[in-house]
Amino acid sequence: PVLWPAGTLCELEFTIPSQTEAVHVIGRVVWEDVEAPEPGMGVAFVRLDLSVRDELVRLAQRGDWKSA
């Protein structure tokens, strides 16, 4: 996978169950781990609609995520 360094601004696009169209958000990479068995990075959203934020919170609280 391609990992961006911490501090990088990025545009993300993904779908959530309550939306018929893809969601577009701006995020900032807050950590990266290239040494892990499954490398990854964490992204903090810096711009997203409140309705999207609310839906993401509901999904996280329910643990309702699908692996990519």
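Let's start with Phe45, which is partly exposed, with a relative accessible area of 36%. This value, like the others here, belongs to a predicted model.

Which residue does Phe45 pair with? The partner is Phe14, and the two rings are stacked, at 6.1 Å centre to centre with 25 degrees between the planes. That angle is under the 30 degrees needed to count as stacked. Phe14 is partly exposed as well, with a relative accessible area of 23%. By the rule used here, the count for the structure is 1 aromatic pair.

## The chain as a whole

The C-alpha trace spans about 35 × 25 × 20 Å along its principal axes.

Of the 68 residues in the chain, 18% count as buried. The chain exposes about 5,300 Å², and carbon and sulfur atoms supply 53% of that area. Among contacts with a separation of 6 or more, 35% are between residues 24 or more positions apart.

Charged side chains are worth a look too. The chain has 6 positive and 11 negative ones, and the centres of the two sets lie 9 Å apart.

## The nonpolar core

Which residues make up the largest nonpolar core? There are 6 residues in all: Ile16, Val23, Val25, Val52, Leu56 and Leu59. Two elements, β2 (23-33) and α1 (50-62), each give two or more residues to this core. Helix α1 gives the most, with 3 residues.

Is Glu55 buried or exposed? With a relative accessible area of 8%, Glu55 is buried, because the value is under the 20% cut-off. Leaving aside neighbours within four places in sequence, Glu55 is in contact with Ile16, Pro17 and Ser18. One of these, Ile16, is also a member of the largest nonpolar core.

Leu50 has its place in helix α1 too. At 60% relative accessibility, Leu50 counts as exposed, because the cut-off for that label is over 50%. How far is Leu50 from Glu13, counted between C-alpha atoms? The separation is 16 Å, for two residues that are 37 residues apart along the chain.

Terms used: Residues numbered from 1 in each chain as written. Predicted model: local features only at pLDDT ≥ 70, side-chain atom pairs only at ≥ 80, totals over all residues. Heavy atoms only, no water. Core = buried A, V, L, I, M, F, W, Y, C linked by side-chain atoms within 4.5 Å. Buried < 20%, exposed > 50% of the residue type's maximum accessible area, 1.4 Å probe, protein only. Helix = DSSP H or I, 4+ residues; strand = E, 2+ residues; numbered from the N terminus. Contact = heavy atoms within 4.5 Å. Areas by Shrake-Rupley, 256 points an atom, 1.4 Å probe, with all protein chains shown as cover. Lys, Arg positive; Asp, Glu negative; His and termini not counted. Charge placed at Lys NZ, Arg CZ, Asp CG, Glu CD. Phe/Tyr/Trp six-rings, centres within 6.5 Å; stacked < 30°, edge-to-face > 60°.
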